Amino acid sequence: MDIHEYQAKELLAGFGVAIPRGGVAYSPEQAVYRAAEIGGSRWAVKAQIHSGARGKAGGVKLCSTEDEVRQAAKALLGKKLVTHQTGPEGRVVHRLYVEQAVPIERECYIGLVLDRKSERIMVVGAPQGGMEIEEIAKSHPEAIIREVVEPAIGMAAFQARQIAFRLGLAPAQVNRCVTTLLGAYRAFRDLDATMVEINPLVVTKDGAVLALDAKMTFDDNALFRRPNVSELRDYAEEDPREAQAAEYGLNYVALDGNIGCIINGAGLAMATMDMIKHAGGEPANFLDVGGGASPERVAAAFKLVLADPKIEAMLVNIFAGINRCDWVAQGVVQAAKETNLKIPLVVRLAGTNVEAGREIIKNSGLPIITADSLADAADKVVAAMRERTASAGRA
Ligand code: GDP
Ligand code: MN
């Protein structure tokens with residue numbers, strides 16, 4: 001799960017990371033009010049979307065008067081911001097963060113990631129941070145600092161100091177940077193993050209070390225024990241179908257193809273997607289209905305998958321162990337009737353109560369295509385999809 005910059009900053013501040021003063025705003029009036037509250041004479045008005053590279057996309061505006069703050073807020077709120085991370089569809093800005101603008105002496109980069117190779121938290125640093133970090137990483141890979149943290153000990157102060165020196169900080173700033181690094185590490189560990197990024201970490205003209213931007217990502221599987229993190233979820237930033245799936249306890253991931261899939265078990269789902277590709281088709285989604293799916297849950301899954309307008313054919317592939325084929329069949333028939341299904345539907349059932357399940361499908365009066373094996377199901381659904389798109393082309 002991702003969170004907004006202002007939320008990440010608030011969490012990090014709780015671990016001793018220094019941040020500029022700021023406040024959230026949902027309207028231009030509120031943005032002006034925030035600026036007045038913060039004081040000073042320069043502010044940054046920043047679009048809060050779950051994406052980096054906002055600066056280059058016009059999502060960060062520096063303002064010197066309250067009227068400029070109002071205009072910047074007006075220009076950003078409700079606007080679609082397209083960054084090189086959002087994809088062409090962009091993200092609509094619903095929240096702003098108004099922040100005291102600081103005079104920047106230099107910008108560095110620090111990030112903490114989960115390094116799968118060493119199975120450790122790794123600190124990544126670069127003496128030159130900011131908006132060009134990707135280019136710097138490419139053109140000067142030797143400038144990138146990498147330090148692995150020993151989990152039994154945690155980040156040691158000497159290690160943080162070493163990183164701070166390698167970032168090229170002056171002795172006066174090293175201790176401030178150490179506080180930031182130790183705080184970011186503790187936040188990562190204590191909140192079950194998978195990524196913490198501060199870019200840029202700035203040294204201001206008066207020598208302060210501040211996190212000017214912050215990004216945090218969390219382990220979804222640990223959210224249950226981090227209510228203070230999970231409450232920060234912003235559904236407006238998520239694929240609405242994935243959010244809906246989570247409500248039903250379904251594992252759903254939207255993909256680009258046109259063959260909708262309902263499968264039980266993540267492994268079988270992946271194998272089925274491979275088989276669809278092997279047969280020349282493209283899956284529209286990954287969906288695992290899980291074990292012991294009730295007819296209602298199957299019907300919910302069906303509707304969820306169908307809500308994708310790209311779908312040209314559906315494949316239900318259930319190998320029932322804990323599940324029951326008759327329940328799955330009931331759910332499929334119910335959902336196909338309720339949604340007045342117009343596209344080809346291929347169902348392959350195997351395992352517990354398979355005979356009862358096949359009976360339900362057969363007696364449903366619906367034109368459901370049945371298949372015996374996984375390969376057979378994949379071939380049939382791709383053939384049905386092709387026939388449908390071909391006849392749609394003729395019409
Ligand atoms: P990102 O583009 O989404 O990563 O957004 P950032 O929060 O990193 O802002 C982009 C850039 O805007 C930073 O690298 C800074 O150069 C600039 N910026 C942001 N806040 C301030 C500020 O308070 N003062 C100044 N001078 N520049 C700022
Ligand atoms: Mn940034």
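The manganese ion (ligand 2) in this predicted model gets its protein donors from Asn199 (O) and Asp213 (OD), lying 2.2 Å from it. Asn199 sits in strand E10 (residues 193-204) and Asp213 in the loop between strand E11 (209-211) and strand E12 (215-218), so the pair ties together parts that are 14 residues apart in sequence. Both of these residues, Asn199 and Asp213, are buried.

**Salt bridges**

- A search of the whole structure turns up 24 salt bridges.
- One of them pairs the side chains of Asp192 and Arg226, at 2.7 Å from N to O.
- That pair links distant parts of the chain, 34 residues apart: Asp192 is in the loop between helix H6 (171-190) and E10, while Arg226 is in the loop between E12 and helix H7 (227-230).
- Asp192 and Arg226 are both buried.
- Lys277 and Glu282 also meet through their side chains, at 3.4 Å from N to O.
- Here Lys277 is partly exposed at 47% relative accessible area, and Glu282 is partly exposed at 41%.
- Asp308 and Lys310 form a salt bridge too, with their closest N and O atoms 3.0 Å apart.
- Asp308 is buried, at 4% relative accessibility, whereas Lys310 is partly exposed at 33%.
- Shared partners join Glu5, Lys9, Lys46, Arg54, Glu99 and Asp213 into one salt-bridge network.

**Two crossing helices**

- Helix H2 (residues 28-38) and helix H3 (residues 66-76) have axes that come within 8 Å and cross at roughly 140 degrees.
- Their crossing is right-handed.
- On the H2 side, Pro28, Ala31, Val32, Ala35 and Ala36 meet Glu66, Val69, Arg70, Ala73 and Lys74 of H3.
- Sorted by type, the residues of this contact are seven nonpolar, three charged and no polar.

Methods
Residues numbered from 1 in each chain as written. Chains lettered and ligands numbered in written order. Predicted model: local features only at pLDDT ≥ 70, side-chain atom pairs only at ≥ 80, totals over all residues. Heavy atoms only, no water. Axes fitted to C-alpha atoms, helices over the stretch in contact; angles between N-to-C directions. Helix = DSSP H or I, 4+ residues; strand = E, 2+ residues; numbered from the N terminus. Left-handed = near helix turned anticlockwise from the far one by under 90°. Contact = heavy atoms within 4.5 Å. Nonpolar A, V, L, I, M, F, W, Y, C, P; charged D, E, K, R; others polar. Donors = N, O, S within 2.8 Å, 3.2 Å for Na, K, Ca; no water. Buried < 20%, exposed > 50% of the residue type's maximum accessible area, 1.4 Å probe, protein only. Salt bridge = Lys/Arg side-chain N within 4 Å of Asp/Glu carboxyl O.
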